[in-house]
Amino acid sequence: FELGLRLQRLGLRRVFCRQAVVFHLTPRSVQDDVRFLLRKEEARARSAVYFYRRHPTRAVRWLVQATRVHRVLYWLQSGGGLLTADNVGRVVRRLRGAGCAALADVALRGVLNRHYLHTLEAELARDRSPA
């Protein structure tokens, strides 16, 4: 994304090509260590903040999910905040054991997304606070 923005600023335009096929595969999480996954989200948030600092636009804010809409969506995805980093591991194991792997993935992703946003917002707030 960052390269695309720099190229756009140089005056290059984006061209849509229907024949170009792109796949974005997100493998189902097999990692049971929630702490490991939370650390990955923290790193992802720090990268997003770096990107936003370089390109502080509304479009990039949406791209890095630093919006109220994303906050509400991820709150809903985490069961209205009932699923947390402390209990999601047990819930995911139970759901997978009951044959509800897709629901387990949604629940886990909700907690991870909320953690990402919490880290993102904390890092952005640090930028706004006086040194």
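1. In this predicted model, two helices, α4 and α6, meet through a set of named residues: H70, R71, Y74, W75 and Q77 on the α4 side, and V106, A107, R109, G110, N113, R114, L117 and E121 on the α6 side. Sorted by class, this contact holds five nonpolar, four polar and four charged residues.

2. The geometry of that pair is as follows. Helix α4 covers residues 68-77 and helix α6 covers residues 101-128. Their axes are 8 Å apart, and the packing angle is about 145 degrees. The crossing of α4 with α6 is left-handed.

3. Helix α6 also packs against α5, which spans residues 88-97. Here the angle is about 165 degrees, again with the axes 8 Å apart. Angles over 145 degrees count as roughly antiparallel, so α5 is roughly antiparallel to α6. The crossing of α5 and α6 is left-handed.

4. Which residues make the contact between α5 and α6? From α5 come V88, V92, L95 and R96, and these meet A101, L103, A104, D105, A107, L108 and V111 of α6. By class, the α5 contact with α6 has nine nonpolar residues, two charged ones and no polar ones. A107 of α6 is listed in the contact with α4 and in the contact with α5.

5. How many aromatic pairs does a search of the whole structure find? The count is zero. A charge does sit over a ring, however: R44 lies over the face of Y116, at a distance of 3.8 Å from the ring centre.

6. As for the chain as a whole, what secondary structure does it contain? There are six helices and zero strands, and the order along the sequence reads α-α-α-α-α-α. Taken along the principal axes, the C-alpha atoms fill a box of roughly 55 × 50 × 25 Å.

Note on methods: Residues numbered from 1 in each chain as written. Predicted model: local features only at pLDDT ≥ 70, side-chain atom pairs only at ≥ 80, totals over all residues. Heavy atoms only, no water. Phe/Tyr/Trp six-rings, centres within 6.5 Å; stacked < 30°, edge-to-face > 60°. Lys NZ or Arg CZ within 6 Å of the ring centre and 35° of its normal. Axes fitted to C-alpha atoms, helices over the stretch in contact; angles between N-to-C directions. Helix = DSSP H or I, 4+ residues; strand = E, 2+ residues; numbered from the N terminus. Left-handed = near helix turned anticlockwise from the far one by under 90°. Contact = heavy atoms within 4.5 Å. Nonpolar A, V, L, I, M, F, W, Y, C, P; charged D, E, K, R; others polar. Parallel < 35°, antiparallel > 145°, perpendicular 65-115°, else oblique.
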